[in-house]
Amino acid sequence: MSKNPLISCSHISYSIKDHEILRDISFSVFPGEVIALVGPNGVGKSTLLKIIAQKYSGEVDAIYDSFGGKIEISPKSIISYFPQEIPIIHKEVIVKEYVKAIEIKSLEKLGLNKDILEKRIGDLSGGEKSKINLLKIKMTEANIYILDEPTNNLDSRGIEYLESIIKDSKNKAFIIISHDRQLLENFADKIVDIDWHTRNSYIYPGPFSTYMGLRKQRIENEWQRYNEYLNKKDSLKHALQEKKQWSEKGEKGPKKTDNDKMAAGNMKDWSGKILGRSVKNAQKKIEELEVVERPKEILSISYPIPMDDRSGDLVFELKNVEIKRGTKNIGPISLKIQFGDRLIILGNNGSGKTTLIKIMLNKLTPSNGEVHAGSRINIGYLPQESELNDDLIIDMIKDLDQDKETDFRKLLNNFGITKEEMKKSGEELSPGERSRFALASIIARRPNCLILDEPTNHLDIFALDFLEEALKTYNGTVIIISHDRYFLNKLGGYKIFNL
């Protein structure tokens, strides 16, 4: 690997008015490296990529007036930047004009029909746009590819195609934002973790599993240092209190005769000065003690998902269910789910996975067929999109009965959501807090059936780690939709239902 970086970012900071986005971000990119940017939604990852891309094009100084730090780009660098979505200025462009010289074999690999070439970009679905972007990446000549969430809306064929691009790009560098942990496990050489609370960066070696282990160790070390500080502070305060008590006793002392007073006067003055100095020294030690702030990141916890009464043996049964949406028909689907079943629903984009879940939940009515739900079903549902609104968290908690409210408050506290955060609205919570609240709200209801629709889309690393461990000991019914290979690989003994 070359000793000279293609890109070097030093102490990057950026604010919008009084809102700090990035504070102190530093990392370098070398030929052949795959750099992954990770951190919760809203932490500034996409902004950072945009800043680098616009620095390359010479626009950063004009656009970002509150930009600080230094970005050095090698003269040998040819950067190709792909944002999360195809820019709206291309919506009227025909696909074959947007991506020139497309190979029909490439379309087949991605599961696309050749008639897509005649469509406008604006008429494509989210999954189709993501796949067309992959073709654009493949056809673009560069030695640094900046990819912002390239796995969004991709099915397994799309992810395999992206991985083949990375694998075949010898000596080319990639800076990637992605929630696909298996992609990062397979390819990330270095992981830049942007912290939500400090807006600083921590750099770890890849792959993803190594990063997770080192990150966990860092957080444990921070908590150990903080607890040692608290113990030391308490010890010094206890010693100070004892010295003050001795000083007060020395000043009062027992009643004495005049002769005793005269004889003991000098000794009292001497001992009083000693005790006074001792008290001052103890106070000085407390004042000089290096303050260690309470870590913002929370430690991993083990907490089983509780379950009230089990449901009946039958949970859901679908008989010849059909779903008609425009010109597209889904089904007929016949499916029987028993209590304790663990089911993963797989399928390409647009195959109807979320629609199927909504039919089970009686949120949608099928065009044909029958749907039967069993008895005593208590569902914990995590939708694909967050349903938190501007209601206060404290008011949402009060909707639960007293026992469950107590459990919920304890769980939120374990998840690092304090009493102060509980006074916020759903929209005011950080992305990490929102994902933990969503998970805690499910657990507090003690469900006997979990339905999780793409849980890795909006759960942060802490919440995902907790969920993966908790599912191992959960005894109820579990129904999951997910494309996340890393997540699915951690789940054992699940049945597969392909749509």
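Good morning, colleagues. Helix H1, residues 45–56, lies across strands S1, S2 and S4, and runs at about 60° to S4. Please bear in mind throughout that this is a predicted model.

Let me turn to the sheet itself. Strands S2, S1 and S4 form an open sheet in the order S2-S1-S4, with antiparallel pairing. Its edges are strand S2 (19–29) and strand S4 (67–73), each of which pairs on one side only. On average, and ignoring direction, neighbouring strands of this sheet are turned by 15° against each other. In general, strands of a sheet pair through backbone hydrogen bonds, in either a parallel or an antiparallel sense.

Between strand S1, residues 7–16, and S4, the antiparallel pairing extends over six bridges. Is Cys9 buried or exposed? Cys9 counts as buried because its relative accessibility is 2%, and the cut-off for buried is under 20%. Cys449 is likewise buried, with a relative accessible area of 0%. As for disulfides, the structure holds zero.

I close with confidence. The protein chain has a mean pLDDT of 83, and 85% of its residues reach 70 or more. Where in the protein chain is confidence lowest, and where is it highest? The lowest mean, 53, belongs to helix H2 (residues 60–63), and the highest, 96, to strand S7 (residues 173–177). Where pLDDT is low, the predicted coordinates should not be read in detail. Thank you.

Definitions and conventions
Residues are numbered from 1 along each chain as its sequence is written. This is a predicted model: local features need pLDDT of at least 70, side-chain atom pairs count only at pLDDT 80 or more; totals for chains, interfaces and linings use all residues. Side-chain values use heavy atoms; hydrogens and water are left out. pLDDT is the predictor's confidence in each residue, from 0 to 100. Helices (H or I, at least four residues) and strands (E, at least two) are DSSP runs, numbered from the N terminus. A disulfide is a pair of cysteine sulfur atoms within 2.5 Å. Buried means under 20% relative accessible area, exposed over 50%, partly exposed in between (1.4 Å probe, protein chains only). Two strands pair if DSSP finds at least two bridges between them. Axes are lines fitted to C-alpha atoms, for helices over the stretch in contact, and angles run from 0 to 180 degrees between N-to-C directions. Contact means heavy atoms within 4.5 Å.
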